[in-house]
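Subject: Structure handover

Hello,

The structure is placed below, followed by notes on what was found in it. Please read the notes with the coordinates open.

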Protein chains: 2
Amino acid sequence: MTLSAPPLSVSTLTPRLLLGPGPSPVSDRVLRALARPTLGHLDPQFLALLDDVSRRLREVFGTANEMTFAVSGTGSAGMQAALANVLERGDTAIIGIHGYFGVRMADMARRLGAEVVEVHGKWGGVLESEQLVEAHRANPHAKVLSVVHAETSTGAQQPLDEVGAHLSGTDTLFLVDAVTSLGGVPVRVDDRNIDVCYSATQKCLGAPPGLAPITFSARAVDRVRARATPVSSWYLDITLLWKYLGVEHVYHHTASSNLFYALHEALTEIEEEGLSARHDRHLEVGSLLQRELASRGFGSFTDPASRLPQLTAARLPEGREEGPLRAALLEVHGIEVGGGLGPAKGVVWRIGLMGHGARKESVERLLEAVDALGVGEP
Amino acid sequence: MTLSAPPLSVSTLTPRLLLGPGPSPVSDRVLRALARPTLGHLDPQFLALLDDVSRRLREVFGTANEMTFAVSGTGSAGMQAALANVLERGDTAIIGIHGYFGVRMADMARRLGAEVVEVHGKWGGVLESEQLVEAHRANPHAKVLSVVHAETSTGAQQPLDEVGAHLSGTDTLFLVDAVTSLGGVPVRVDDRNIDVCYSATQKCLGAPPGLAPITFSARAVDRVRARATPVSSWYLDITLLWKYLGVEHVYHHTASSNLFYALHEALTEIEEEGLSARHDRHLEVGSLLQRELASRGFGSFTDPASRLPQLTAARLPEGREEGPLRAALLEVHGIEVGGGLGPAKGVVWRIGLMGHGARKESVERLLEAVDALGVGEP
């Protein structure tokens with residue numbers, strides 16, 4: 001109400017350096033692609049682009065899965081699509097929770113009518129593989145076991161190898177949230193026997209928000225096909241989605257050509273850089289930031305052994321009030337970082353160095369501002 | 001596979017004149033807004049923009065409804081959100097079907113566990129108000145009665161006034177699909193006692209696809225709050241969505257600032273033009289096209305009394321094969337029109353003159369191409 005006069009104009013918005021938990025900075029090249037003239041959702045040129053996006057996403061996910069595409073919604077729509085297609089009412093879902101997004105998964109699964117077995121780990125730490133394997137041994141009939149690979153709320157990286165190896169010989173699908181990991185650290189879907197994996201475009205992939213890359217293994221597809229009841233969401237039914245976005249290109253919804261342009265361009269950037277070089281870049285820049293923050297008296301909310309390079313949950317030095325300092329960082333220095341969630345609320349900054357933002361200049365600009373504001377210890 | 005070499009680049013895509021059933025052409029000004037630097041989903045500037053989008057959407061919907069926002073998905077996500085929030089398992093839904101999108105609504109409602117009472121009208125015609133009122137009298141306990149205002153599959157405009165007046169004194173909510181109508185013909189949500197109404201950005205609003213404007217009346221919100229079971233889709237739960245996009249701005253998902261920029265700019269264009277002038281423009285240009293096509297031997301798939309100006313379902317003259325001619329129109333003349341769906345398949349072109357595309361130049365370019373290809377009768 002108070003904001004309606006004078007009228008807002010998009011052209012007057014002040015750009016920020018996006019060093020929060022996402023969205024990450026989008027390169028000029030990707031923004032230019034975004035603004036190419038809109039094409040119809042069934043135009044042969046656009047259908048070819050969809051196929052190319054799927055091909056490039058397979059590379060980034062590290063999978064040969066045919067059913068690999070981008071959902072027309074944000075990363076949370078990816079989570080919703082993953083769970084809604086796999087779960088039927090009465091199914092059991094084992095869900096690992098070591099942060100905010102594990103809690104969200106459990107909420108979603110319950111709304112879908114699943115019996116949820118929660119496996120808890122400390123926020124900032126990870127779940128022991130043995131914990132998850134034990135939970136599965138106690139619930140061998142579970143339809144799915146889900147974990148968050150890179151917990152955006154805590155900055156912790158969850159190990160996946162042992163759980164994937166264990167589940168591959170069972171009837172339980174392995175579902176992994178790679179929203180903040182894909183493009184930043186190796187995900188390697190096939191090597192890790194992951195059955196369902198989804199991400200978002202606006203983190204380490206370097207595109208604007210609005211699409212959720214997702215992939216389903218052949219055995220996951222078989223399980224979805226064998227459902228006794230239809231998927232409750234027509235919009236996110238992957239069988240319909242894949243008929244449109246993949247194999248037959250039969251109309252389902254009006255996919256946003258502009259968002260796909262941007263994703264395609266971002267995936268081209270990744271291909272040109274090389275996935276492994278991109279992972280190295282995230283590691284190098286993230287480590288630099290973490291060292292520099294430590295030298296200024298910041299602590300780590302995340303267990304040292306589990307820290308992600310691309311998302312740092314840094315405890316502010318003693319006596320520093322995070323809220324006002326974060327607002328000053330944004331308003332005075334034009335830099336966005338995130339606040340904490342759950343037990344991390346009020347005590348941490350979540351600093352993302354993701355995609356196009358994972359570069360030394362970002363660290364330098366942030367540290368200059370941190371020093372100017374007197375956030376660190378002298 | 002065959003398309004992967006040489007590598008595709010977004011910059012080599014050939015623009016088209018979009019005269020199909022949507023997306024419609026996006027103005028340069030809106031494309032420029034789309035490509036402004038991405039902002040965080042909780043940036044105060046972006047939150048002010050969200051508020052302004054809601055305010056402007058209220059104007060276009062013709063409503064004072066507080067809960068008015070844009071869903072982070074396409075028009076079909078709007079339909080999904082509308083039905084998923086209103087319906088619980090076992091509820092009765094009366095669904096008017098006079099085209100493809102009515103069929104879709106019924107499918108969605110059934111997946112959500114509703115008992116669906118289908119009320120059928122001829123494709124190309126509309127449902128008699130008395131038919132719908134009778135169906136309601138026979139099912140007074142129905143939770144919702146849904147119709148499609150502008151059937152994108154047939155080009156017919158459904159009357160709403162009598163049904164709205166009838167339902168306003170009952171416990172049944174009136175749900176209207178305004179995907180192809182909003183911004184092109186008057187929707188007037190409050191005048192017509194509509195409780196839930198959704199649209200899409202890529203039709204008569206003139207923005208790229210990716211968002212679904214939606215509005216809920218106070219009594220619809222009350223019914224959603226009184227649900228016995230949670231909404232099965234966390235992603236589309238309007239109570240959570242409105243907490244983020246409206247009142248409290250509490251994090252829910254990462255709304256795409258870029259898509260909201262474009263929508264905001266398109267709504268600014270509408271405000272500058274004036275809603276009523278915009279309706280007049282659609283009417284004038286659509287009537288021109290319909291006259292010109294008739295003079296070339298095209299028929300109307302739609303009952304003459306029910307034709308929408310912004311979407312014309314034109315039967316091709318005797319002996320003309322629509323598929324190859326439509327492909328030639330696209331490939332040779334760079335103009336996209338749509339084919340038919342259901343009973344209209346193979347016999348009609350669906351021609352949209354929507355948003356920025358609703359101008360005389362579009363009609364002229366189309367007719368030149370039609371004449372060059374010899375589609376019309378000499």
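**Sheet of chain A**

In chain A, seven strands make up an open sheet of mixed pairing, ordered β2-β10-β9-β8-β5-β3-β4. Strands here are DSSP runs of E with at least two residues, helices are runs of H or I with at least four, and both are numbered from the N terminus. Two strands pair if DSSP finds at least two bridges between them.

This is a predicted model, in which local features need pLDDT of at least 70 and side-chain atom pairs count only at pLDDT 80 or more, while totals for chains, interfaces and linings use all residues. Residues are numbered from 1 along each chain as its sequence is written, and chains are lettered from A and ligands numbered from 1 in the order in which they are written.

The edge strands are β2 (68–71) and β4 (115–120) of chain A, each pairing on one side only. From one strand to the next the twist averages 20° (axes are lines fitted to C-alpha atoms, for helices over the stretch in contact; angles run from 0 to 180 degrees between N-to-C directions). β2(A) pairs with β10 (residues 212–216) of chain A in the antiparallel sense, over four bridges. A:P213 in β10(A) is the bridge partner of A:A70. α4(A) packs on the sheet and touches β3 (92–97), β4, β5 (144–148) and β8 (173–177) of chain A; the direction of α4(A) makes about 165° with that of β3(A).

**Domains of chain A**

An automatic or database domain assignment divides chain A into domain 1 (10–24 + 274–373) and domain 2 (36–270). Their C-alpha centres lie 26 Å apart. The contact takes 27 residues from domain 1 and 27 residues from domain 2 of chain A (contact: C-beta atoms, placed from the backbone, within 7 Å). On the domain 1 side, α10 (275–295) and β12 (311–315) of chain A give two or more residues, and α10(A) gives the most, with four residues.

**Chains A and B**

Between the chains, 61 residues of chain A are in contact with 61 residues of chain B. Elements giving two or more residues on the chain A side include α1 (28–34), α2 (44–61) and α9 (257–273) of chain A. α2(A) gives the most, with six residues.

Chain A can be laid on chain B by a turn of 180° and a shift of 0.0 Å along the axis, with an RMSD of 0.0 Å (least squares on C-alpha atoms of residues with pLDDT of at least 70 in both). That is the relation of a two-fold axis. The same surface serves both copies, since 100% of the contact residues of chain A recur in chain B.

Regards

Note on methods:
Contact = placed C-beta atoms within 7 Å.
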